[in-house]
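Please have the chain open while reading these points. They cover some local features that deserve a second look.

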Amino acid sequence: MNIPFLDKWRERHSAAERAEGLAAAFDEDPDGVAELLSECELLRSQAGAAGLELDDSPASLAALDQLLPLWRDDPELLPWLGNDAGLYLGSVVVRTVSGASWYVRPGGSPVVRLASGREIPVVDAGLDWAVQGAPELSQVYAEASET
């Protein structure tokens, strides 16, 4: 996709600066960033097209795991959908697991930090789920909710 203004912005800002921007935004407004991370518009539209409404519940993760992975036929869609799946997983964990919260690593990668201090790289889990089907999102959630 060619978006001229975005290309110019990227030329002026290095990847490190963009990553620092997310971490700084999180430090200033963690609730706002958490809301932004939970949007997952692409995943929600794909799930909706399959007749599944995502309600931010653990049961919705299990339902996502059961979807026929038609997105694997589109290599351009795959990384975006995997990213959304990871952010959705993280949003469900943060909303339902006591003590869980978003944390943005200094490099800009959002992770979920559990009360125990353990960090779950939810975006990586979402990408693995989208590409390989494993680990299942519900499995990652179950492990997070046990601690």
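1. Start with Pro 135. Pro 135 sits in the loop between helix H7 (122–132) and helix H8 (137–146). The peptide bond joining Ala 134 and Pro 135 is cis, with omega about 0 degrees. Keep in mind that this is a predicted model.

2. Next, Asp 65, found in helix H5 (residues 58–65). Asp 65 is buried yet has no salt bridge. The nearest side chain of opposite charge belongs to Arg 72, 8.6 Å away. A salt bridge needs a Lys or Arg side-chain nitrogen within 4 Å of a carboxyl oxygen of Asp or Glu. Leaving out residues up to four places away in sequence, Asp 65 touches Trp 129, Glu 136, Leu 137 and Ser 138.

3. Cys 40 lies in the loop between H3 and H4. Asp 56 is in the loop between H4 and H5. Is Cys 40 buried or exposed? Cys 40 counts as buried because its relative accessibility is 3%, and the cut-off for buried is under 20%.

4. Last, the charged surface. Asp 27, Glu 28, Asp 29, Asp 31, Glu 35, Glu 39 and Glu 41 form a negative patch. Helix H2 (15–28) and helix H3 (30–37) are the elements that each give two or more residues to the negative patch. Glu 41 belongs to helix H4 (residues 41–49). Glu 41 has a relative accessible area of 64%, so Glu 41 is exposed.

Terms used
Residues are numbered from 1 along each chain as its sequence is written. This is a predicted model: local features need pLDDT of at least 70, side-chain atom pairs count only at pLDDT 80 or more; totals for chains, interfaces and linings use all residues. Side-chain values use heavy atoms; hydrogens and water are left out. Patches are made of residues with over 30% relative accessible area and no salt bridge: like charges are joined within 9 Å, nonpolar side chains (Val, Leu, Ile, Met, Phe, Trp, Tyr) within 5 Å. Accessible areas come from the Shrake-Rupley method with a 1.4 Å probe; for residues, only the protein chains shown count as cover. Lys and Arg count as positive and Asp and Glu as negative; His and the chain ends are not counted. The place of a charge is taken as NZ of Lys, CZ of Arg, CG of Asp or CD of Glu. Helices (H or I, at least four residues) and strands (E, at least two) are DSSP runs, numbered from the N terminus. Buried means under 20% relative accessible area, exposed over 50%, partly exposed in between (1.4 Å probe, protein chains only). Contact means heavy atoms within 4.5 Å.
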